Amino acid sequence: MDAVQGTLDELGTPLHEVTFVVFDLETTGGSPAEHAITEVGAVKVRGGEVLGEFATLVDPGGPIPPFISVLTGITDAMVTAAPRIESVLPAFLEFVSGCVLVAHNAGFDMGFIKAACAAHGYPPPRNPVLDTVDLARRVLTRDEIPNAKLGTLARFFRSPVEPIHRALHDARATVDVLHGLIARSGSFQVHTLEELQSFVRAPTPEQQRKRYLAEQVPHAPGVYLFEDARGEVLYIGKSGNLRNRVRSYFTASETRPRIREMIGIAERVRHVVCATALEAEVRELRLIGGAKPRYNRRSRFPEKVVWLKLTDEPFPRLSIVRELRDDRGTYLGPFSSQRAAEDARTALHEAIPLRQCTDRLSASGGRRACVLYEMGRCGAPCEGRLSPADYAVHVEQARRAMLTDAGAVYTAVLARMERLSVEQRYEEASVDRDRLASYIRTAARMQRLSALTRIPHLVAASPAFDGGWDVHVIRHGRLCAAGVLPRGAHPTPFVESLVAAAETVIPGPGPIHAASAEETECILRWLESPGVRLVEVEGDWALPVHGAARLRERIEQAYRGLESRPSREGRPLR
């Protein structure tokens, strides 16, 4: 019998023959372990033709959070008579049997489906899954779409259906997006399901072409810098193995759109070999803060922080400043934004009646009191009603609250929150909760960092992988030297030489003066890791007994029930 040559279509399943089920879920939150499905919507399509639809509300078995009802329009009354998920799941699994599942941010929806299957004794669906977010990022450029949101893609492909956070409605919009993306993928010679699946995972042509950039990078810990043809630094990162990390940017595992865009511009990779992983982490922070690469998202502007300052004047006040000065002011921070600092200041004012006016007052007063005096929120030192000695009591309370004891502020704001709750003024109570959180979190962080920055000299070591020791010299919270003590070597001369070559740090103003807060936090994480041993310490390393750290866990508990729900675009919805 003569052999017959197969056609190209026989190499895979042509896309026009594939049956897709495009589905969407609405839920009560973002965690499959803690939240439940409230609506299921699905559309079955093949060759551009709709074969059927599946839609139902689902009783989640508990109340729907108000912000979810505002987002989706699904209320408790709407799901009262709806079936439970154990009744809906068999019908849905039958509907999708033998089909390719498609969803926008498929990981979110599939997570809930798998959790429901596990809870009710069904095997998880083994259908192939296609994510339209990944496909959109593969075939569309940033010049065409600013982001991969479902609404953005629906408008780009001129879908007549506008997403409204209802399951079937959004599934119909995703069908139009899928068809548009499949049409665009044809220009990449993608014509079968197998080609489409590998196309989403494949590296871009630019990634493949520039693999040679990793050839000169060594297998060592350090920092790598992607640069363009003009020498501008595009992106900075760190790794315990530079060669392996840089090579990963040129494989299918690198799917971040902005990084793939960066690789298209990059023309060289520089590297800085470091003695230890901690040195690499610190150098990365310093280099990012100095070069401010446009493709790095974090740590680019360490100088853009603000501080809450208790001023040094006859009648001190709380002022928001951007720099630490060598004066007798007391500082709390750093805060990432002006708003966060204002929230902390409001929390402090709730507990301590410091003046809130911004003018500089003399010891003799001479001005007319404002409405805060009539409200009992200020002692009116401006009118001379409060002597400097009496006012100094409030100043000392504020200084103690900022540096050592957060209890007074916590108690005062908590009492106000409870009073507002009794009056059913819940929104105002939540505002006070956020203000208290800003104060407690920042105070706890600063007290933790200050405990290290007060130490003028510290040497510590941790076990290395080869049997040696990673040794670091830290002064005022700044990494000043790093080295690896070889296995079997005598530690004393090695430590002495490392200390002699370490950077000299001159103390400066404020609680965090020798390094950025991020650098000191990196060092603290390393110091608190298992196996680290202190070799030399000058001074005391201690936290205040009544500091803010003891209250922070209570604050965090208040937020655990208010976690964000990820949207289909992978972005949090508060």
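This is a predicted model: local features need pLDDT of at least 70, side-chain atom pairs count only at pLDDT 80 or more; totals for chains, interfaces and linings use all residues.

Residues are numbered from 1 along each chain as its sequence is written, and side-chain values use heavy atoms, with hydrogens and water left out.

**Sheet.** I looked up an open sheet of four strands, ordered S14-S13-S12-S15 with antiparallel pairing. Strands are DSSP runs of E, at least two residues, and helices are runs of H or I, at least four, numbered from the N terminus; two strands pair if DSSP finds at least two bridges between them. S14 (478-485) and S15 (533-538) each have a single partner strand, so one side of each lacks a neighbour in the sheet. I then checked S12 (457-463) against S13 (469-475) and found six bridges. Leucine 458 sits opposite isoleucine 474 in S13.

**Salt bridges.** I count a side-chain nitrogen of Lys or Arg within 4 Å of a carboxyl oxygen of Asp or Glu; the structure holds 34 of these. Lysine 238 meets glutamate 284 at 3.7 Å, N to O. The lysine is in strand S7 (233-239) and the glutamate in helix H12, 46 residues apart. Is glutamate 284 buried or exposed? Glutamate 284 is buried at 5% relative accessible area, while lysine 238 is partly exposed at 31% (buried is under 20%, exposed over 50%, partly exposed in between; 1.4 Å probe, protein chains only). I also noted glutamate 556 with arginine 441, closest N and O atoms 3.0 Å apart.
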